[in-house]
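Subject: A structure for you to explore

Hi there,

Here is the structure I promised to pass on to you. Please open it next to this email, and we can walk through it together.

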Amino acid sequence: MVSNDKEKDLQQPQILSLDDDYAIIRQFIDGDKSAFQILVKRHKEKVRNIVYITMNNSSLVDDIAQEVFITVYRNLKNFRFESQFTTWLYRITVNRCKDYLRKINVRKIFSPLEDGYDVSDSSISTEENDVSKLVMDAISKLPTKLRMPLILKDIEGFSYQEISETLKCEMGTVKSRIFRGREKLKEILQPLERELMR
Amino acid sequence: MNKDLQTRELLSAYLDDELSQLEKSEVEKLLKTSLELRKQLEDLKKIKQLTQQIRRMPESPFFETRLMASIEGQKSETRRISRWLPVTALAVVTIGLMIVLKLNPDLVNDLWDEQKEAIAGFYKENLQPVLFAANLTNEDIFNFAFNNELPLDNTRKQYLLLGYDDSGKEFFEIRSANEELKRQSYNEYISAMNLNDEQKKTVDSIIGSYSKALEAQILVNDKNTIAINSNLWNYRKAIFADLLVVSEKMNKTKFDRIVPAGISNAEKMIVVNTIEKLKNSYNDQYIFVTPDSIFADTYEFNTQLFETQLKELEKNIEANEKKLKQYALSIRFDSTLQTVDKSSNINHSFRIAIDSNICRVDIPESHITEIRIADINNIDPLIEQATNNIHFYAYKVPKVERTESRIKIEYFDNDSIHSYELQFDEYDIDSMIESRPEFDFYSLDQLRQVKPFDDSMLAKYQFDKDYFDRYYSDEEFKEQMEELQIELERLSEEMKNWKIKVRKEVTKTPRR
């Protein structure tokens, strides 16, 4: 099927050589502000997607992704060219998501009756539950520690090495958390097996 | 770690092609001999395939533009003028238009008025009282007075919700529910007040007497129009207050629990005056919600004419019954409008927020007809207290009082009031979170998920039983608990500095 293949191609992670991003960052540091826009264009969709799946809430995506790129914009001049730009970018993304998740969780405790409905998309949507939504909901039930490596591996296609650099933890830990994330996910999805097989 | 676990972990890494050559061949050897392991690998594969099916976030073509705008916005305002250059051409056209309008200032207004009349006329056709069209019962009217919700059609899946925002301004929402809106408020109220059949009949007849008055307040038609009289908010208050006055007479002891101070004579006078004035006043200001616009306009609903028609209809009730049952509103909101900046005024008068299932309309003051009803706002505290207490006693919804220096949570159970109080002098959640970035607050997540009117909600306030299951092994659970303990100790140290005190207390309510 041609169209499917085409779609698959689009979903493949764009493999960019180190030099590509480095050259653009150098242009930016030399005063060419338009270079920043090239960086944004190149990486925004991946950043937005990580935010989307981590937060399980589409309405927060653009706000968080904007904050990520604003942080990048402010600190890009001090970029040290020691690691890949993307490792740094995704680390900022992951940390920003964690901040939001923690804030949301704490706020929920202190305002138990104030909100009429939940912040996640599912409470408002009338759309039929589909596999994608069910799996996203299941992922959002994982502890952040297990959720992040799993998303980076299975959805974004990172290698264990890249994940360990992004999350600043040992390769062994990454390996074990991905495995535990999958086991946990299996457990959460078990009761939904029938719907998933439809 | 035990061997089995280690092997399973290796399987997961094998699936990701992240093993060394040696490990890989070891795993493959094991796979050849063990059916169990092959099954486990299949399971892991399935999970991986499922996660890979997650739909991606649709692209955002305006992302860079918005981002650059907010970066630019934070920078100084120099170089602004150069940005005006590309719009010079547009400005020329605008100036041209301004000259035309200067010569003929009424041109746009005339055009607009002409169109407006035509549009409004179309949507005003054949409006009927929702009470009749949706076949509403006394219970629905009670629910409206009590919960601010009124079903809008026979399917009972679309309903109207009235409310007041923080500044006291009126708003309404039209909501679509997944399920039929079923409230038992009337029955709950009867049992909370311990009313006998005779008394229930009296309450019934009072509600019945309002249904006629309410008739002209909300109208609907087959073009999916809903017309809401701007007096509706006052009506709701009046009906509720009147029911309270009646209840006090019927069962004083039970009523005292709901309004401990009783209803003062002054308040009773306000209620009587309000009802009198509302019933005798005539207000033709309606807010029209239609599939493509929301506007305020006058409309004269002829109750007498409607009743004559209704009598005609009743003669052939059987023939018409089929037709009546088919009536169902189908308000659908264009959820793409979600992206519209929620604070912007879409049509300059009403502030509208739209989600896939909710359309909320904030009403500017000028659109609520100010019938100077004898201080109706003075009975607000009475209504608020009664509503909260009925929720508290009849539905066991906890009370949460929050002031700058404390949070107090109370709930009612088996005639006892459980009360928790958290006091603090200075409190800032954001800085609290930022001061301990490593603390995972996830575990506290289950404390919430409270829906009003859900009896099981109290259980959800308690310790999450699934907490343990989230962790993979006993050791890890222990490790997490130790981390949590250290964290809590640190927190309590800090709380000492903040002068926070938590007090727990259980009091018995006096039995009467």
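To begin with, how many bridges join β2(B) to strand β3 of chain B, and do the two run parallel or antiparallel? There are 3 bridges between them, and the strands run antiparallel. Please keep in mind as you read on that this is a predicted model.

**The strands of chain B**

Let's stay with that pair for a moment. B:P151 has B:Y159 as its bridge partner in β3(B). The two strands make a hairpin, with 6 residues between them. Look in the turn for B:R156, whose phi is positive, at about 60 degrees.

Strand β3(B), residues 158-164, also pairs with β4(B), residues 170-176. This pairing is antiparallel too, and it has 7 bridges.

**A covered helix**

Next, find helix α8 of chain B, which spans residues 138-147. Is this helix mostly covered or mostly open? It is mostly covered, as 7 of its 10 residues are buried. Those buried residues are B:D140, B:I141, B:F142, B:N143, B:F144, B:A145 and B:F146. What lies over them includes the strand β2(B) and the helices α9(B), α10(B) and α11(B). Just after α8(B) comes B:N148, with a positive phi of about 65 degrees.

**Over to chain A**

Chain A has 10 helices and 0 strands. Of its 198 residues, 36% are buried. Among its contacts between residues at least 6 apart in sequence, 65% join residues at least 24 apart.

- A:N56 sits in the loop between α3(A) and α4(A). Its phi is positive, near 50 degrees, and it is a residue other than glycine.
- A:K168 is in the loop between α8(A) and α9(A). Its phi is also positive, near 55 degrees, again in a residue other than glycine.
- A:F81 belongs to the loop between α4(A) and α5(A). Although 56 residues separate A:F81 from A:I25 in sequence, their C-alpha atoms are 9.2 Å apart in space.

Why does A:N56 count as buried? It does so because A:N56 has 20 C-beta neighbours inside 10 Å, and 20 or more is what a buried residue needs. A:K168 has 10 such neighbours, so it counts as exposed, since the cut-off for exposed is 12 or fewer. A:F81 is exposed as well, because 11 other C-beta atoms lie within 10 Å.

Enjoy looking around!

Best wishes

How values were computed
Residues are numbered from 1 along each chain as its sequence is written. Chains are lettered from A and ligands numbered from 1 in the order in which they are written. This is a predicted model: local features need pLDDT of at least 70, side-chain atom pairs count only at pLDDT 80 or more; totals for chains, interfaces and linings use all residues. Helices (H or I, at least four residues) and strands (E, at least two) are DSSP runs, numbered from the N terminus. Two residues are in contact if their C-beta atoms, placed from the backbone, lie within 7 Å. Two strands pair if DSSP finds at least two bridges between them.
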